[in-house]
Amino acid sequence: MSYTGLAIIYIIIWWVVFFAILPIDVNRTKPIKIDGEDPGSPENPKMLKKFIYCTGITTIIFMIIYLLMRFDYLNLRNIIS
């Protein structure tokens, strides 16, 4: 598979993992109510921590998928024909 295809697979996995871990560890209670602000918005969403976790989890999943494709355990061309 080309580098472009591998990059696209990595980016798709990254976004799926990111949206899966986004609501984890979010405190939605606010001590002060501000008019015009969504009451469910988090006080501190901890985005840097989530980016780092997401990148690590995605790298592990991507390496597993890459190795399965490299050693022909995951090959869609053989399944179709």
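Reader: In this predicted model, what distance does helix H1 reach from its first C-alpha to its last?

Author: The model is a predicted one. Helix H1 covers residues 3-21 and has 19 residues. At 1.5 Å a residue, the expected reach is 27 Å, and the helix comes close to that with a span of 27 Å.

Reader: Which residues of H1 are buried, and which helix is included in what covers them?

Author: The buried positions in H1 are Gly5, Leu6, Ile13, Trp14, Val17, Phe18 and Ile21. An α-helix has 3.6 residues a turn, so residues three or four places apart point the same way. The cover over the buried residues of H1 includes helix H2 (47-70).

Reader: Is Thr58 buried or exposed, and with which residues is Thr58 in contact beyond its neighbours within four places in sequence?

Author: Thr58 belongs to helix H2. Because its relative accessibility is 0% and the limit for burial is under 20%, Thr58 counts as buried. Once neighbours within four places in sequence are left aside, the contacts of Thr58 are Tyr10, Ile13, Trp14 and Val17.

Reader: Is Ile80 buried or exposed?

Author: Ile80 is found in helix H3, which comprises residues 76-80. The threshold for exposure is over 50% relative accessible area. Since Ile80 has 76% relative accessibility, Ile80 counts as exposed.

Reader: How many Å apart in space are Ile80 and Leu22?

Author: In sequence, Ile80 and Leu22 are 58 residues apart. From C-alpha to C-alpha, their separation in space is 36 Å.

Reader: What radius of gyration does the protein have, against that of a compact globule?

Author: The C-alpha trace spans about 60 × 20 × 20 Å along its principal axes. For a compact globule of 81 residues, a radius of gyration near 12 Å would apply. The protein instead has 19 Å.

Reader: What percentage of the contacts with a separation of 6 or more is between residues 24 or more positions apart?

Author: The protein contains 3 helices and 0 strands, in the order α-α-α from the N terminus. Buried residues account for 16% of its 81 residues. Among contacts with a separation of 6 or more, the share from residues 24 or more positions apart is 69%.

Reader: How far apart are the mean positions of the positive and negative charges?

Author: The protein has 8 positive and 6 negative charges. The distance between their mean positions is 9 Å.

Conventions: Residues are numbered from 1 along each chain as its sequence is written. This is a predicted model: local features need pLDDT of at least 70, side-chain atom pairs count only at pLDDT 80 or more; totals for chains, interfaces and linings use all residues. Side-chain values use heavy atoms; hydrogens and water are left out. Helices (H or I, at least four residues) and strands (E, at least two) are DSSP runs, numbered from the N terminus. The expected span of a helix is 1.5 Å times one less than its number of residues. Buried means under 20% relative accessible area, exposed over 50%, partly exposed in between (1.4 Å probe, protein chains only). Contact means heavy atoms within 4.5 Å. The radius of gyration is taken over C-alpha atoms; the globule rule is 2.2 Å times the number of residues to the power 0.38. Lys and Arg count as positive and Asp and Glu as negative; His and the chain ends are not counted. The place of a charge is taken as NZ of Lys, CZ of Arg, CG of Asp or CD of Glu.
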